[in-house]
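Keep the sequence and the model open while you read.

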Amino acid sequence: MTFPEPTSPEPTGHQLPSIAWGGKPAPTPAPGAGPLDWFESRLAEQPDAPAVVDGTLTWSYRELDRAAARIVRALGGRVGRGRLVGVCLERSALLVATAVALARIGAVYLALGARPGAARLESLTEDADIGCLLTDGTTTPPPGWTVAPADAVDGLVVALRGGPANGAPGDAFCAVTTSGSTGKPKIALLPQEALANLVRWTCDRLEIGPGSRVGLFVGTTFDAHLKELWEALSSGATLHVAPEDARGSMAELFQWWRESGLTHCLLPTPLADLAFTQPWPAGLAMRHILVGGDRMRVRPPAQCAAVVHNVYGPAEATVLTTTHRLQPGSDDPNAVVPIGRPLTGYAVFVTDEDGRILPRGHAGEVRIGGAGLALGYLDPQRTAEHFVPAPAGQPYVDRVYRTGDRAVMRADGPLEFLGRIDDQVKISGARIEPAEVEAALETHDSVRRAVVVPYQGTGGGLRLAAFLLLAEGARADRDAVLAAARARVLKQAVPALVRFVDAFPLNANGKVDRALLARQAAPSASTAPGAAATPRAEDTEAFLLVACRRLLDQPDLTPADNFAESGGTSLAVARLIALIESTYPIRVRAAEVMRQPDLAALGALVATRRAESARG
């Protein structure tokens, strides 16, 4: 698909339509039609070059090839072309080999996260008619499945269920999950051409090739890990698996960058905002940093020599759709950071509710067409609702994806992101439908109805608050209700605040007044940062308790509460560790924080480290 080259706006002041074309596709990184072909070409050219580095383990392209071949043999014909395969693995060399193996079989790779909740896993496998799960043994398959270790592949466990399984469309290469307003996640199917278009662009524009070192950093529930994985394997680069601590500590992140000599990394926006406020390390090999997932608020420091790109794209348009390259020293530091212009092969429109293209400068819905579009969802009805005919009179695309995102196209062409049109929100980088969380909460017998609203927390980002109406005669049990929700939704979607109510407030139209509930959830002046006196740093437990209350927006936390179960996401861990290490001359790892049974134990750990540091 070839689009017209991007053009500059007319100098006459004529109001141009909100249309942006990405131009012709970028060149391929190797011979072949797609990512698997490009990997095979690199394998033939450089079999002994490093392909994956995972801690102390390094696999060459030849060794990765052999590992993938062992997985194909382990599946033994039990997975065929077009079959959806659920992958429940951590970011690892094994995950990378699994992706290659499934691509060779022609099966459809669907990452479900390392340890999805039991109810969520059962729902996904039933709705998607998945008949095979690949795990590391820590995930328990739904009842009725048979489990057998893959003898030829260390650490891999194959879970199967009987009965016929329906296949995905034959041209689906992989699939991704996104939050659904009906209470169940949506599964979008991506064709090889869409992923190929993305990989071509990243390898060309970000100069990824042999000798490059690309980070496998984002979690596997995020579609962006597909970009990281395949751009490295397609180009002959080395894929470096991020240690878990690098996702929860800026000091560990910078150390990983330095020790690995990483040249390319993608950071979720909340973590980038935190990283850009830290003293920037010298001597990094980093050349390009992509930032995406939320509105960018913090600019990179002047000491950052890497090129920073603010990127945007829904999973239904294959990870990235638009990008803006920040120009150090030239951008107005107080101006909104745009999400930029479309990648090659894409067309982007800003339209009104009826699909008519608006003039530039007018806010409307972003609609995306071109080479990066998903085939649609597994559910045909959802596909028809969101993948619609292109705006009238467009000769280069026949269908577009309605994103539900609001944006405005500036007179000179770049897009500025304005937020969501619907109720969908971003929590720690994950797209969340409050309705899905409500449905998960309502599965508990004690809850008659749930209303979930986002609110701005004291910890620096959006949080979710749940207001629950109890069933008749039921007892309020916050922990039990949240435990039921955790089994069904992503951890980022677990509400930080739970309140039991006798009735919901109604607005003038007789609907639940969600705006009022959001105001009630917002921290009061007495709980806002700086409102209450901060304990002296010498009182370690008290200091950490106040810090955790603010970071997690939980003013009632006690030393007996568990950090993770109280809403401690990877971003909250990173912020807590940054606070600890800026207050005390010690190092704490993210895994150590998450392992502590309660906040009292965390305080004891920090106090011990302080004592060790004082003794030298």
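In which kind of crossing, left-handed or right-handed, does helix 1 pass helix 3? The crossing is left-handed: by definition, the near helix is turned anticlockwise from the far one by less than a right angle, and clockwise would be right-handed. This is a predicted model, where local features need pLDDT of at least 70, side-chain atom pairs count only at pLDDT 80 or more, and totals for chains, interfaces and linings use all residues. Residues are numbered from 1 along each chain as its sequence is written, and side-chain values use heavy atoms, without hydrogens and water.

**Helix pair**
- Helix 1 (residues 35-45) packs against helix 3 (residues 93-105) at about 115 degrees, with the axes 10 Å apart.
- Helices are DSSP runs of H or I with at least four residues, and strands are runs of E with at least two, numbered from the N terminus.
- Axes are lines fitted to C-alpha atoms, for helices over the stretch in contact, and angles run from 0 to 180 degrees between N-to-C directions.
- Helix 1 is therefore roughly perpendicular to helix 3 (65 to 115 degrees).
- Leu-36, Phe-39, Glu-40 and Leu-43 of helix 1 meet Val-100, Ala-103 and Arg-104 of helix 3 (contact: heavy atoms within 4.5 Å).

- Eight strands form an open sheet in the order 7-8-6-4-5-9-10-20, with mixed pairing (strands pair if DSSP finds at least two bridges between them).
- Strand 7 (146-149) and strand 20 (376-377) are at the edges with a single partner strand each, so one side of each has no neighbour in the sheet.
- Strand 4 (residues 84-88) runs parallel to strand 6 (residues 132-135), joined by four bridges.
- Val-85 has Cys-132 of strand 6 as its bridge partner.

Conventions
Parallel < 35°, antiparallel > 145°, perpendicular 65-115°, else oblique.
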